[in-house]
Amino acid sequence: MEKLKTVIDEYNKPDKKRFDEHAFASALRALFPPRESGEEIPFELKAESIAFDLVEDYRSDNYSWGTYFGPMWVSSDGKGNVTEAPSIQFITKEVLEYWEKRIDETVNPILKARYAGLVWDFKEKQTGEKPNFEICKKYINALIEIGKGDYHGVEIYTYTKLKQALKWAIASKDTGLINDAKNTLIVYEKANAKDTLPGTWGQSMKWLMKNPKIFTADEELGIVTDLQERLERLKAMDIDGVDKEKFDPWSIEHNALLLADYFNKKGDKVKEKEYLDEIRDSINKVLPSAAAMQKTAWLEKIYQLYVKHQFKEDAEEILKEITKYGEATVDEMGQVAVPFEIPKDKLNEYLEEMTIGGFEDVILRFVSQYIPNKEDNKKQLLESAKNAPLQFLFTTSIVDEKGRVLAKVGGIEKDLEGQLLLHISNSLQMSSFFIRHLLMKMDEKGLLSKDSILEFLKKSPVFDEKRYVFIEKGLDAFFANDYITAIHLLIPQIENVVRTIIEKTGGLTLKPSRNGGFHLKTFDELLRDEELNKALGEDFTNYLRILFTEQRGWNLRNDVCHGIASPGHFNYASSDRVLHALLCLGFIKFEDK
């Protein structure tokens, strides 16, 4: 393995700098024999490659070994089968023994830190044998040396290593190691901080707030003063970037928020608010040149900060400003049209097949077809995310007509449930075309009328005969295309039917009032009832929630009853879905026990 020795010798020099672990891994992979040769990869080369392919400070919400280092690459087939590279199975006792031997053979701190860190991280997990703490000390010292000698040259890499050094130094309770790691962090930050690059400073303050006892009073004062002086320099930058460096509110935010959090821990509410106000002032400087949508997003961020720090009056002031820009936000949004073509003969064929038979046969087919299946939609969503991942990485804000943010849906990795609700909600919208044509076809064949629907609903025990008058008038309005009246009349009857089902299945529809007595549970609380879910099935209750009470869905009940919905919301698509939900409930029967 002369070639391997040559590569190792090239990197294993005390003065070899400005490279990272992946550069070394790439040099190692270049030594692999071609796959077609069938030649086996030598053990030493394989062990070295695994060591430097692993990711430091590995973080994932979906997959973890429970270790500091993790796989470079993970994929899943959606059925619970996971492929990882490198696999943790490759980290055998023999590989760990090789890494442990390499610690003392190595002089370059980047390489030494990697070998020592891996042994410290994996030895007990993979072999059941606790590593000697001397290995941890070698790990800490190598990490500190990387910072002192500025080996990486990229601040973010160095801070990751110094963070790990300080963590284990504190755990060791070794005062000498703690002071060495802490002082290296402070000195490195002073030497490498760039005012307009927040990632290059603020690390010492974070550790000061997390572990104040390891810092002297002078060190604490120095860290705070350094941030305060930087804030003044950032505030003095030029708004147009003509005569001086361009004003950057985001650097000010990062700086001032560190100071606000620091004074919060000190119990100094006056100083805490002073630095939150600095963030507000910096945003106000750039608001005039921003679009309404940007203004709303920036103000919402300030609002959240005031709420988090419990400055209620200031938060309420920001809410007023957000409301002011809301309608302009909506005006800035453009509509996105997605045209699709459906051959007329195919549509007619579908409509004919759906309307074969008598009234109840057709209605059963209709309600079954348009209750969304949660698992099917989840598969569709994941497939879409696989084919076009970018659109599922970002947070989506759902706003009303005045631009007020009603709900947010995170990226698919962190908010799969929210993305699924949004996907189903959009699917309901897409199917409106087919529902409308199907209802028209049923009407054309004489299958759909107020009388036929009423006769059908009266067979179900969940409808109160005293309320037939509301349903009758709602149906009159529906067939007269008076969607405003139909929706207002029918939604409350659907809510009442759901309440009746819960009562008949032994569930609770009341909750205690703080003033004594009881309140009826909200429609959303009813739709989350376990007994209802058992009785109607998860797909149907999930559908009703998306349709009536879910802010990430259509939310018809709440928008209508709270006066949020504008006349444009009372359209054929909404009324058709309300009728569909009503007809679904008509099939409910109770079995005698």
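Asn 555 sits in the loop between α25 (538-548) and α26 (556-561), where helices (H or I, at least four residues) and strands (E, at least two) are DSSP runs, numbered from the N terminus. Although Asn 555 is not a glycine, its phi is positive, at about 55 degrees. Asn 555 is also buried, with a relative accessible area of 4%; buried means under 20% relative accessible area, exposed over 50%, and partly exposed in between (1.4 Å probe, protein chains only).

A word on the ground rules: this is a predicted model, in which local features need pLDDT of at least 70 and side-chain atom pairs count only at pLDDT 80 or more, while totals for chains, interfaces and linings use all residues. Residues are numbered from 1 along each chain as its sequence is written, and side-chain values use heavy atoms, with hydrogens and water left out.

**The chain as a whole**

- You will find 27 helices and 6 strands in the chain.
- The radius of gyration of the chain is 32 Å, whereas a compact globule of 593 residues would have one near 25 Å; the radius is taken over C-alpha atoms, and the globule rule is 2.2 Å times the number of residues to the power 0.38.
- Along its principal axes, the C-alpha trace spans about 90 × 65 × 55 Å.
- Of the 593 residues, 47% are buried.
- Among contacts between residues at least 6 apart in sequence, 62% join residues at least 24 apart, a contact being heavy atoms within 4.5 Å.

**Surface and charge**

- Carbon and sulfur atoms account for 51% of an accessible surface of about 31400 Å², by the Shrake-Rupley method with a 1.4 Å probe; for residues, only the protein chains shown count as cover.
- There are 83 positive and 99 negative side chains, and the centres of the two sets lie 2 Å apart.
- In that count, Lys and Arg are positive and Asp and Glu negative, while His and the chain ends are not counted; each charge is placed at NZ of Lys, CZ of Arg, CG of Asp or CD of Glu.

- In helix α16 (residues 359-369), the residues Phe 359, Val 362, Ile 363, Phe 366 and Val 367 are buried. They lie on the same side of α16 because they cover an arc of only 125 degrees around the axis; the arc is that of the directions from the helix axis to the C-beta atoms.
- The cover over the buried residues of α16 includes α15 (344-354), α19 (432-444), α20 (450-457) and α27 (572-585).
- Helix α2 (residues 21-29) has Glu 21, Phe 24, Ala 25 and Leu 28 as its buried residues. Seen down the axis of α2, these fall within an arc of 105 degrees, so they line one face of the helix.
- Over the buried residues of α2, the cover includes α1 (2-11), α3, α5 (109-127) and α7 (155-172).
- As a handy reminder, an α-helix has 3.6 residues a turn, so residues three or four places apart point the same way.

**Backbone details in loops**

- Ala 85 and Pro 86 are joined by a cis peptide bond, with omega at about -10 degrees.
- Pro 86 belongs to the loop between β2 (82-85) and α4 (93-105).
- Asp 57 has a positive phi, near 55 degrees, in a residue other than glycine. The loop that holds Asp 57 runs between α3 (43-53) and β1 (73-76).

**Around Ser 75**

- Ser 75 is part of strand β1 and counts as partly exposed, at 26% relative accessibility.
- Leaving out residues up to four places away in sequence, Ser 75 touches Asn 81, Val 82 and Thr 83.
- Ser 75 and Tyr 63 are 12 residues apart along the chain, and their C-alpha atoms are separated by 9.7 Å.
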